[in-house]
Amino acid sequence: MEQGRKRVSPVSVFFAFFCFLLLRLLCFSGSAEAYKNYTVGDSLGWYDSQEKPAVDYQQWADAKNFSLGDFLIFNTDTNHSVVQTYNFTTYKECDYDDALDSDTKLWSAADPSNTATSGVTVPANLDQLKLMGPVILNGILKLLDGYSYSDSDSVARDTKSFAFQAIGLLAQRLPQLFRDKIEMAVRLFDALKLEASSLRLVIQEATTSLATAYKVGIADLLILIMQVLENTAMIPFSGAPIFALDIATINQQLRISHLPSRKALLGYMTSQGAQPAVLIELEKLLLHNFNAEQSEIRFCAVRWATSLFDLQHCPSRFICMLGAADPKLDIREMALEGLFPVKDEGRLISQNPDIIYPKLGSMLEYILKQQPKFVDSTEMREHKLLFPSNMYVAMIKFLLKCFELELEQNKDLEKSLEFVSSVETLCLLLEHAMATEGSVELHATASKTLITIASHLPEMIASHYSQRVIWLKQLLSHMDWDTREAVARLLGIASTALPSATSTALISELVSKTTEMQKLRFEAQHGVLCAIGYVTANSMCRSPAIPEALFQSTLKCLVDVVNSETATLSSVAMQALGHIGLCAPRLGAPSIRNEFLGFGSAFRSVKNYADLDADNIRTVWGRIFQISGSA
């Protein structure tokens, strides 16, 4: 150990001694006794070799058996100090004049403010650490193996705490020690489950640090990209700075003409990150541990899923879907961020080049692999949900993002049998989500998603739900307003795929229900009126249109509701008339258009007119004026 003086006052630099002490502490394999205080140099104290030539601090340290948490006491006079430094130049020259506060600290008896107790961490040179790493890790594991999970006294607790912190630091500095196997990940997740609750926070931090060992570092990735660019033709990156691109984006933008570059990049990812087989094992580990009772385990499972894998990775996104329903707020927020990283919902997904969702078919395939019963449903909706409603809501919203992104990128997919098959599977999942025990939010989300899909694939949705008319009619009395509205629209879309006679019979059935409105609950009344508007409007847009007599009775039915019911139902009836009016100009028979106009002239005299919703009044009169212009 080198010692020296700073100008007049002698200064002893302690860096080498602490390096030695760190190794002794980390590699110590015996059971820790009670904490001890060690006076450095014993009775000789802490002095430079010029003042006390007989002192040998290396020999003194060799004779000690240090344990984690022991204290070192330095006895010296006011002319001597202890300097802890991470700066090698400061150490070699024994002069801290140019040292920074961030890498050098002084303890001096001459200054009482600098005599407080302080912990010491000594970073090793990376090359040296690579050589010491396996030895250090082995020492840490032996230290942990010396205790059982039931050992909870203060010595065991604090010793374990130091050991788990050391594992986290090693994972950050030497990821290659861990990335080829999952044993350490298994050990830490088990520790979260079995160790005392007082240790869970430090184990959770170590587990979070360990995740970095399995991922490619961005700095290393950029070095490889620059090497690739130097050896191949320039690769277009859409004008985005290289440092702003993630691996998925870079891979996506590497063109077929640069196949060697793609191979080089993928090869690098394999060599620097975990091997594919290891990642598959990690997927299983995370999915298994998410079901744990301890929230710290679920937190780490979601943290690993969001930090280790990108948005395209189906297994990790499924874990995020599960996390969206977690009782803990921090887990829910982290899971939702993993599913929906873009906050600006008004912005098209295609305008975010770094956001790449998985293919709808791939995501559905993985979901059904985990739970095939996701597509099971019954006409009476009495089946059980497999997970909490919040999980379904997050899953449906994510699948809708996948659906919309694929269509944004390729409109021709509407004609793809494979894509349409995936959409049909999605519809089955949405029907499963409409189980009676589901939440109002879930039912509204599922039904609105069906309408969104229908806006892109109307014929496919019409054909699919023309076989489920009974199921849709049951949902017209749903307790939620938005769900009833969406189901009524869906019934109208489905009616376009029904035979004309069946569609006419459906309208007659709905109209007949208005004659007994007082016997129906409000929800059923609202659902029936919405359905009359949508089904009649869609039936009028087809050829042949509904019979004129039925058309007249339908209009009269709705006008009667406007005239006799409450303001709320009157507004709904007027909105239904507006939907029908949108299709009236397309009718070939002038008598039908005139019939609609005749009913419109009576609206100003109805008793509820002053209380009606202003938007619905404007809607229906807009339709009437539109018809007047086309007559």
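**Figure 1. Contact between helices α6 and α11 in the predicted model.** Ala185, Val186, Phe189 and Lys193 of α6 meet Leu282, Leu285, Leu286, His288 and Asn289 of α11 in this predicted model. By class, six nonpolar, two polar and one charged residues make up the contact of α6 with α11. Helix α6 covers residues 183-194 and helix α11 covers residues 276-289; their axes come within 11 Å and cross at roughly 5 degrees. Angles under 35 degrees count as roughly parallel, and α6 and α11 are therefore roughly parallel to each other.

**Figure 2. Crossing of helices α18 and α19.** The axes of α18 (residues 440-456) and α19 (residues 458-465) come within 5 Å, with a crossing angle of roughly 125 degrees. This angle makes α18 oblique to α19. The contact of α18 with α19 comprises six nonpolar, two polar and no charged residues by class.

**Figure 3. Helix α24 and its buried residues.** Helix α24 runs over residues 548-564 and contains 17 residues. At 1.5 Å a residue, α24 should span 24 Å, and this agrees with the 24 Å between its end C-alpha atoms. Leu550, Phe551, Thr554, Leu555, Cys557, Leu558, Val559, Val561 and Val562 are buried in α24.

Figure 4. Gly578 lies in helix α25, which comprises residues 567-583. Because its relative accessibility is 0%, Gly578 counts as buried; the cut-off for this class is under 20%. Tyr534 is 44 residues from Gly578 in sequence, and the C-alpha atoms of Gly578 and Tyr534 are 9.8 Å apart in space.

**Figure 5. The chain as context for the close-up views.** The chain holds 27 helices and six strands. Of its 631 residues, 48% count as buried. Among contacts between residues at least 6 apart in sequence, 72% join residues at least 24 apart.

Key:
Residues numbered from 1 in each chain as written. Predicted model: local features only at pLDDT ≥ 70, side-chain atom pairs only at ≥ 80, totals over all residues. Heavy atoms only, no water. Helix = DSSP H or I, 4+ residues; strand = E, 2+ residues; numbered from the N terminus. Buried < 20%, exposed > 50% of the residue type's maximum accessible area, 1.4 Å probe, protein only. Axes fitted to C-alpha atoms, helices over the stretch in contact; angles between N-to-C directions. Parallel < 35°, antiparallel > 145°, perpendicular 65-115°, else oblique. Contact = heavy atoms within 4.5 Å. Nonpolar A, V, L, I, M, F, W, Y, C, P; charged D, E, K, R; others polar. Expected span 1.5 Å × (residues − 1).
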